Amino acid sequence: MKQFVTEESFWELFPEARIGIVVAHGMKPTGEVAPEDAAAIARALAEANGKADQHLESNTISQNEVVAVWRDAYQQFKTKKGARCSIENLLKRVLKGNPVGSITPSVDIYNAVSLAHALPVGGEDIDAMVGDIRLGITEGGDAFRPLGEDEDAPTLEGELCYRDDAGAICRCWNWRDGERTALTDESGKAFLIIESVDPARADDLEAAVDQLADMVQRYLGADIFAKQIITRTPRW
């Protein structure tokens, strides 16, 4: 059974981080999602696009607190030039009046949750992974084909990334997904993840994890195999 491992190199950089995970099994392929459930997902994404500006107090994207904390975090490890946290990229679209559109039902769900809570949310296809998934600083050179690109872009030395035994899964922590493990219309098992580096937003993270699990279960018919929030010091 695959495991999620947060390496010590990650906790040394971000000792107060919290990682929310949802593991979903048995998700319906897109073609089997009921029309009313597909419509509900579309409404949730549209509503999240509409409400996302509540997180934007400034028209300068970097001056909004939910983005600034991630700009600071990205200074702590090696990144590809121009790499930004996924939530910054989503909120920038909202700021420019370019709503986040539909991709696949599972991706639409996690984008809706991301926009609603202004937290980075991602997802990977468990069946496409090789071995355990690990989050930590890499020595570089991990194989990676960015989603939607035709050329490989291996990791940098000192970069924080998610990776498995076959290479990187998501580069620069939560910047860019790879082609190999991206969720598709046919994905049945998903590893869904929400990150927070702001201790003051612990309640927001918990609410986001609950919403993510609920939507995947309700609209995609998934069984929630695991749902938890990971911290450096386990909470008993």
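Trainee: Which residue of strand 8 does Val121 stand opposite?

Mentor: In this predicted model, Val121 stands opposite Ile194 in strand 8. Gly122 has Ile193 of strand 8 opposite.

Trainee: How many bridges join strand 3 to strand 8, and which way do the two run?

Mentor: There are 5 bridges between strand 3 and strand 8, residues 190–196, and the two run antiparallel.

Trainee: What about strand 2 and strand 8? How many bridges there?

Mentor: Strand 2 pairs with strand 8 over 7 bridges, in the antiparallel sense. As an example, Val23 has Phe191 in strand 8 as its bridge partner.

Trainee: So what is the order of the strands in the sheet?

Mentor: The order is 3-8-2-9, in an open sheet of 4 strands with antiparallel pairing. Strand 3 (121–125) and strand 9 (223–230) are at the edges; each has a single partner strand, so one side of each has no neighbour in the sheet. From one strand to the next, the twist averages 15°.

Trainee: Back to strand 8. How many of its residues are buried?

Mentor: The count is 7 of the 7 residues, so strand 8 is largely enclosed by the rest of the structure.

Trainee: Which of them point which way?

Mentor: Ala190, Leu192, Ile194 and Ser196 point one way from strand 8, while Phe191, Ile193 and Glu195 point the other way. Both sets are buried.

Trainee: Which helix lies across strand 2, strand 3, strand 8 and strand 9?

Mentor: That is helix 6, which runs at about 10° to strand 2.

Trainee: And how do helix 6 and helix 2 cross?

Mentor: The axes of helix 2 (residues 35–51) and helix 6 (residues 202–220) cross at roughly 150° and come within 9 Å. The two helices are therefore roughly antiparallel to each other. On the helix 2 side the contact is made by Asp37, Ala40, Ile41 and Ala44, and on the helix 6 side by Met215, Arg218, Tyr219 and Leu220. Sorted by class, that contact has 6 nonpolar, no polar and 2 charged residues.

Trainee: Now helix 2 and helix 5. What is the angle?

Mentor: Helix 2 packs with helix 5 at about 30°, and their axes are 8 Å apart. That makes helix 2 and helix 5 roughly parallel, because angles under 35 degrees count as such. The crossing is left-handed.

Trainee: Which residues make the contact?

Mentor: From helix 2, Ile41, Ala44, Leu45, Ala48 and Asn49. From helix 5, the list is Pro105, Asp108, Ile109, Asn111, Ala112, Leu115 and Ala116. These residues divide into 9 nonpolar, 2 polar and 1 charged.

Trainee: Buried or exposed? And why?

Mentor: Buried, because the relative accessibility of Ser86 is 16% and buried means under 20%.

Trainee: What is Ser86 in contact with?

Mentor: Leaving aside neighbours within four places in sequence, Ser86 is in contact with Pro120, Val121 and Asn174. Ser86 and Ala118 are 32 residues apart in sequence, with 9.9 Å from C-alpha to C-alpha.

Trainee: Last one, helix 3. Which residues are buried?

Mentor: In helix 3 (residues 65–73), the buried ones are Val66, Val67, Ala68, Val69, Trp70 and Ala73. The buried residues of helix 3 pack against helix 4 (86–95) and strand 8.

Key
Residues numbered from 1 in each chain as written. Predicted model: local features only at pLDDT ≥ 70, side-chain atom pairs only at ≥ 80, totals over all residues. Heavy atoms only, no water. Axes fitted to C-alpha atoms, helices over the stretch in contact; angles between N-to-C directions. Parallel < 35°, antiparallel > 145°, perpendicular 65-115°, else oblique. Contact = heavy atoms within 4.5 Å. Nonpolar A, V, L, I, M, F, W, Y, C, P; charged D, E, K, R; others polar. Pairing = 2+ DSSP bridges. Buried < 20%, exposed > 50% of the residue type's maximum accessible area, 1.4 Å probe, protein only. Left-handed = near helix turned anticlockwise from the far one by under 90°.
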